[in-house]
Amino acid sequence: MITTRSFMDQTWIDLNSPTKEEVDSLVLVQNINPIIAKDLLTPTPSQYAEEEDGLIYAVLHIPAFKHSHSSGDAQEIDFLISQDSVITARYDSIDSLHYFSKQIEVNEILNKGENSNLFFGMMKEIYKSMADELSYMEDWMKEIEKNIFAGREKEMVFTISSAGRNLLNFKRIVDPHGNVFEFLKEKGRVKFGEKFEAEAKSLIEEWRHTMRRVNNQIELVNELRETNNSMLSTKQNEIMKVLTIMAFVTFPLSLIASIFGMNTN
């Protein structure tokens, strides 16, 4: 499905699970490289950016654990960025893009908005949704910590492992964004001017802030894992201590009973 929106003298063409016929029509109207158009039809496993005539083509993946309509842990958006238009291709319903579309509709009615490339407005909304994901993870960490000290160490072993896996996947997905944004900063200055470069720099800072939050949470979950393991080991040692004392007490009694139970003269 193709949806076209206009805002502040810019055009946003959004392709949601595009068909070959829709992409072919877009190639004719927008003069897109057929090789890039072919990539729009299916998800791309890697994240990268490249320069193509007057466009910049970028493939980005977005982590989605709590707010997702898919079974995977990542959603993909392909961007075709030009001076006055942005083409997006996606293969799932992405909440942040939906919120962005509503936002520009309201701004258009109110006749207000920032005169910047629509791509940066989209990424701002995307990173806001990613911040919500991290806030959810932070609340999860607090709940894990409370359960650890409430005596539920055994149940927390699998919960901590699940949280750690989500954070590592989050980092794996978001880390390549930095290279893509650096490419946009370098090529955007030449193609679209200094304002585009300045906005790309701001986006890089937002990425770095997000990565710092992820790394901090990974360190926290590692600390919680060590604490949980220590408390679990301490509890197991106490149980072994009790069992050893019981064995020490019962062994002499068992020995005496065995002696008197012998069938001898």
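**Exercise 1. Is P176 buried, exposed or partly exposed, and where does it sit?**

Step 1: P176 has a relative accessible area of 23%. Step 2: check that against the cut-offs, where buried means under 20% relative accessible area, exposed over 50%, and partly exposed in between (1.4 Å probe, protein chains only). P176 therefore counts as partly exposed. Step 3: find P176 in the loop between α5 and α6; helices (H or I, at least four residues) and strands (E, at least two) are DSSP runs, numbered from the N terminus. Step 4: look across to Y48, which is 128 residues away along the chain, with 7.7 Å between the two C-alpha atoms.

A word on the model: it's predicted, so local features need pLDDT of at least 70 and side-chain atom pairs count only at pLDDT 80 or more, while totals for chains, interfaces and linings use all residues. Residues are numbered from 1 along each chain as its sequence is written, and side-chain values use heavy atoms, with hydrogens and water left out.

**Exercise 2. Work out how α4 and α6 cross, and which residues make the contact.**

Step 1: the two axes come within 14 Å and cross at roughly 160°. Axes here are lines fitted to C-alpha atoms, for helices over the stretch in contact, and angles run from 0 to 180 degrees between N-to-C directions. Step 2: since angles over 145 degrees count as roughly antiparallel, α4 is roughly antiparallel to α6. Step 3: on α4, pick out F119, M123 and Y127; on α6, H177, F181 and L184. Contact means heavy atoms within 4.5 Å. Step 4: sort these contact residues and you get five nonpolar, one polar and no charged. (Ala, Val, Leu, Ile, Met, Phe, Trp, Tyr, Cys and Pro count as nonpolar, Asp, Glu, Lys and Arg as charged, and the others, Gly among them, as polar.)

**Exercise 3. Find the residues with the most contacts inside the largest nonpolar core.**

Step 1: a nonpolar core is a set of buried Ala, Val, Leu, Ile, Met, Phe, Trp, Tyr and Cys residues joined through side-chain atoms within 4.5 Å. Step 2: the largest one has 49 residues, and F79, F119, M123 and F181 have the most contacts inside it. Step 3: α4 gives the largest share, 13 residues. Step 4: zoom in on F119, which, leaving aside neighbours within four places in sequence, touches F79, I81, V86, F181, L184 and L203.

**Exercise 4. Is R213 buried or exposed, and what is it in contact with?**

Step 1: R213 is in helix α7. Step 2: its relative accessibility is 19%, so R213 counts as buried. Step 3: beyond neighbours within four places in sequence, R213 is in contact with A131, L134, S135 and E138.

How values were computed
Angles under 35 degrees count as roughly parallel, over 145 as roughly antiparallel, 65 to 115 as roughly perpendicular and the rest as oblique.
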